Amino acid sequence: MMGGVIGELPFTDAQGMLVDAAVSRLAQRSPLLAELVKGYYIRGRTVSETARKLKRDRRMVAGDMRSALSWIDAFLFGDHMEEPMLAM
């Protein structure tokens, strides 16, 4: 099975699909937050670059990014589930 690496964490295709599903669900709730995540992890934009592009304060963008990642984390590992969707 093919996989990849996020930072130092290896992941499987199935896990990657779950992360994609989480980002897609986030996009339904907040397109801006989903775009921040995609910009950072897929396009390689820094928080500072994103803030300049959006003409927003860097701290605001950093806070939005933390919110987005927290939402994805809760979606994947939340207490609302009997088993986490993503087991690493």
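User: Which exposed residues does the face of α4 turned away from its buried side carry?
Analyst: A residue is buried under 20% relative accessible area, exposed over 50%, and partly exposed in between, with a 1.4 Å probe and protein chains only. Helices are DSSP runs of H or I with at least four residues, numbered from the N terminus. On the face of α4 turned away from its buried side, the exposed residues are Arg-59 and Arg-66. This is a predicted model, where local features need pLDDT of at least 70, side-chain atom pairs count only at pLDDT 80 or more, and totals for chains, interfaces and linings use all residues. Residues are numbered from 1 along each chain as its sequence is written, and side-chain values use heavy atoms, leaving out hydrogens and water.

User: Which residues of α4 are buried?
Analyst: The buried residues of α4 are Val-61, Ala-62, Asp-64, Met-65, Ala-68, Ile-72, Phe-75 and Leu-76. They cover an arc of only 160° around the axis, so they sit on the same side of α4. The arc is that of the directions from the helix axis to the C-beta atoms.

User: What covers the buried residues of α4?
Analyst: Contact means heavy atoms within 4.5 Å. The cover includes α1, α2 (31–41) and α3.

User: How do α3 and α4 cross?
Analyst: Two packed helices are described by the angle between their axes and the distance between the axes. Axes are lines fitted to C-alpha atoms, for helices over the stretch in contact, and angles run from 0 to 180 degrees between N-to-C directions. Here the axes of α3 and α4 come within 9 Å and cross at roughly 115°. Val-47, Ser-48, Thr-50 and Ala-51 of α3 make the contact with Arg-58, Val-61 and Ala-62 of α4.

User: Where is Lys-55 found, and is Lys-55 buried or exposed?
Analyst: Lys-55 lies in the loop between α3 (47–54) and α4 (58–77). Lys-55 counts as exposed because its relative accessibility is 77%. Its phi is near 55°, a positive value in a residue other than glycine.

User: How many residues does α1 have, and what does α1 reach from its first C-alpha to its last?
Analyst: The expected span of a helix is 1.5 Å times one less than its number of residues. Helix α1 (residues 13–29) has 17 residues and reaches 25 Å, close to the 24 Å expected.

User: Which residues are buried in α1?
Analyst: Gln-15, Ala-22, Val-23 and Leu-26 are buried in α1. Seen down the axis of α1, these fall within an arc of 95°, so they line one face of the helix. The face turned away from the buried side of α1 carries the exposed residues Met-17, Asp-20 and Gln-28.

Notes
Helix = DSSP H or I, 4+ residues; strand = E, 2+ residues; numbered from the N terminus.
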